[in-house]
Amino acid sequence: MSSDTLIDASWLDYLLVAIYFGFVLGIGVMARRSVSDSIDFFLSGRSLPAWVTGLAFISANLGAVEIMGMSANGAEIGLPTVHYFWVGAVPAMLFLGVVMMPFYYGSKVRSVPEFMFRRFGTGAHLVNAISFAVAQLLIAGINLALLAGIVHALLGWPIWIALVVAGAVVLSYITLGGLSAAIYNEVLQFFVIVASLLPLTLIGLHRVGGWDGLTDKVDAAAANAPADAAVAPGSQQLESWPGQALSGFDSPLLSVIGIVFGLGFVLSFGYWTTNFVEVQRAMASDSISAARKTPIIGAFPKMFVPFIVIVPGMVSAVLVQEMIDLKSGGSPEGGASGEGVAYNDALLLLMRDVLPNGLLGLAIAGLLAAFMAGMAANISAFNTVFSYDLWQRYIRKDHSDDYYLRIGRLATVGATVIAIFTAQIALGYDNIMNYLQTLFGFFNAPLFATFILGMFWKRMTPTAGWVGLVFGTLSAIAVDRLAAAGVIDLPGQGAAFLAASTAFVVDIVLSVIVSLVTKPKPASELRGLVYSETPREDLVDPDEAAMPWWRRTIPLASIALAMVIVLNFAF
Amino acid sequence: MSDTTDTNATTATPHKAGLFDVRNIIGALMAVYGVILTLAGLLGEHEPEKTGGVNANLWTGLALLVVGAFFIGWARLRPIVVPSDFDRPDDDPTRPAPQRKRPPAH
């Protein structure tokens, strides 16, 4: 092995990676082989117990960005990163299960552009479809940048060659039918990721002397860091609240408000309740009761994911020499981008230092799987929206199915090429989570505002639908640019939280004002789209009352809520 | 999700999901990894300087074998039965495509 690669992989590691891809491609081939088999295939996916849909629900989200981003965050700011899970995910998942899911299930809306079209008509649909397509391209760029980072780390190729090769690999993965078995691959991926991150965490903790050793080292590193490195004090890195290191606010009170409203409410409710890639997992289940329980069951593993992604990041920051240098203000050479070590490299560097060949291969397989699946999901979501919501509805109507399939294939290739360029933007960020939260602020926060207002307020008009979306997004971009220009000074993810909150407020205020002066849709067209116009019997499952308490929605959600509150106090 | 599904297969008789049961697939992958890592732990280099003295490959391999056996055993004991008929999701009239109106293949 040449010495200029970041990770020294042996044939054993490559064998484990090859086995994983053999499985994934094998599933794709089996699914295509014969009609009856593929029916079995999808049905066994549907009649699976709720724990599997629950796992698939969070695996769709436990992708590359989360693993690398959360460990980078853990390395940089420590324990406050848990807010992404305990404030920024679990409450929204419970809300989705308890309040929103019966409504989705009853109204049979299957995508966000579809809801926009039926609720608000063409204007909001067009705006939403375009912004969704752009967002998918930018997020695909993040996944591709991370994938190329691994290729670079393994093989030592220049980053742009790695980007092109990684793009080509994803393209063939999509064409070879890897997506037709999405739910299988996601569940499989979850187990491979846990099987590699759990040993990584345990060995890492063992190396630094257990949890106490870790806290001592974090404290010592923070105390010894030079002032200009701007490292958060040890106490802030080891306590989740008030989380100034995460929000960037000096005042503890403002920090708590920023986290609860910006991250906990706008960003996370916006993400979880309008993200149909995940919601669809739940809607494939056989009853309202099962659909409601899916995100709630998913919330239980989700609570414990931070221990295997954030803790390794923290360990990496006190164990790996390059990360120690980086955190005390240095700029060490190397790293996955080839342009110096970044916090994004925390997990890869820890793997290099503590995993023996064998386990290393398992970890690489898990990461590659997560990146490819993530990017493939972005690309195919883009493909669907581009071909059907944009091209067919607005550009070329009434062509044959074959025609749109061809457009879809061209869109897939085009999107992959564009992602190679959007990956350059992602590579410019030292901590990928900052970039991702910024994007969510642009796209998800106004969407959530329009969605929730349109769902609960029947007076909201079609004009208000698109005006709110456009100006919400523009205001978030304005806040981001002001922050970039230094007018607003918030380190960490504070600027992203502020942009998201601004977008939300601007969207709501404008939507209300515009609604009051324009003409609403007649109530007869709002059935199934607005809460007050939807019959109650569509929203409840008559069989659920007969089930034992541990299979009912509300008791399960209460337990999850109680557990997450305990976790918030414990750390 | 797939372009290979076809309407005439909805009349298939009830049977077990078998190989397509996701628990069998998880179990098989975990078991294969378990065997390889256990062997690597027993026969390969130990690299204690990386792991702090623990034979990580061996322990992970054994744990994966247990997980794999658990999933395969569970799938054996409680097989999933594929129902003979099921509701296909409706085509959405407000959404231009894809529509399921291909002629039957056979």
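The axis of a helix, as the word is used on this tour, is a line fitted to C-alpha atoms over the stretch in contact, and the angle between two axes runs from 0 to 180 degrees between their N-to-C directions. Keep in mind at every stop that the structure on your screen is a predicted model.

**Stop 1: two helices side by side in chain A**

Select residues 288-319 of chain A, which form helix 16, together with residues 553-570, which form helix 24; their axes come within 9 Å and cross at roughly 15°. Because an angle under 35 degrees counts as roughly parallel, helix 16 of chain A is described as roughly parallel to helix 24 of chain A. The crossing of helix 16 of chain A with helix 24 of chain A is left-handed. To see where they meet, show the side chains of the contact, including A:I296, A:F300 and A:F304 from helix 16 of chain A, and A:I559, A:M563 and A:L567 from helix 24 of chain A. The residues of this contact between helix 16 and helix 24 of chain A comprise 14 nonpolar, 2 polar and 2 charged ones.

**Stop 2: a lysine in helix 16**

Stay on helix 16 of chain A and select A:K302, which is found there. Is A:K302 buried or exposed? With a relative accessible area of 2%, A:K302 is buried, since the cut-off for that word is under 20%. Leaving aside residues up to four places away in sequence, A:K302 touches A:I58, A:N61, A:E66, A:F85, A:A89, A:V90, A:M93 and A:W272.

**Stop 3: an enclosed helix**

Now select residues 50-59 of chain A, which make up helix 3; 8 of its 10 residues are buried, so this helix is largely enclosed by the rest of the structure. Among the buried residues of helix 3 of chain A are A:V52, A:L55, A:F57 and A:I58, and A:I58 is also one of the residues that A:K302 touches.

**Stop 4: a pair running the other way**

Select helix 8 (residues 122-155) and helix 19 (residues 359-395) of chain A, which pack at an angle of about 155° with their axes 8 Å apart. Helix 8 and helix 19 of chain A are therefore roughly antiparallel to each other, and helix 8 of chain A passes helix 19 of chain A in a left-handed crossing. The residues of the contact between helix 8 and helix 19 of chain A divide into 25 nonpolar, 6 polar and 2 charged.

**Stop 5: a serine in helix 22**

Select A:S475, which lies in helix 22 (residues 462-484) of chain A. At 14% relative accessibility, A:S475 counts as buried, and beyond residues up to four places away in sequence it touches A:T502, A:A503 and A:V506.

**Stop 6: chain B**

Move to chain B, whose secondary structure comes to 3 helices and 2 strands, arranged along the sequence in the pattern β-α-α-α-β. Of the 106 residues in chain B, 36% are buried. An unreviewed UniProt entry places the feature "transmembrane region" at residues 25-44 and 56-75 of chain B. Select residues 25-44 of chain B, where the span is 95% helix and the end C-alpha atoms lie 27 Å apart; then select residues 56-75 of chain B, where the span is 100% helix and the end C-alpha atoms lie 29 Å apart.

Finish at B:V67, which lies in helix 3 (residues 56-77) of chain B and counts as partly exposed at 29% relative accessibility.

Methods:
Residues are numbered from 1 along each chain as its sequence is written. Chains are lettered from A and ligands numbered from 1 in the order in which they are written. This is a predicted model: local features need pLDDT of at least 70, side-chain atom pairs count only at pLDDT 80 or more; totals for chains, interfaces and linings use all residues. Side-chain values use heavy atoms; hydrogens and water are left out. Helices (H or I, at least four residues) and strands (E, at least two) are DSSP runs, numbered from the N terminus. Buried means under 20% relative accessible area, exposed over 50%, partly exposed in between (1.4 Å probe, protein chains only). Contact means heavy atoms within 4.5 Å. UniProt positions are given in the numbering used here, feature names are shortened, and annotations may be inferred rather than shown by experiment. Angles under 35 degrees count as roughly parallel, over 145 as roughly antiparallel, 65 to 115 as roughly perpendicular and the rest as oblique. A crossing is left-handed if the near helix is turned anticlockwise from the far one by less than a right angle, and right-handed if clockwise. Ala, Val, Leu, Ile, Met, Phe, Trp, Tyr, Cys and Pro count as nonpolar, Asp, Glu, Lys and Arg as charged, and the others, Gly among them, as polar.
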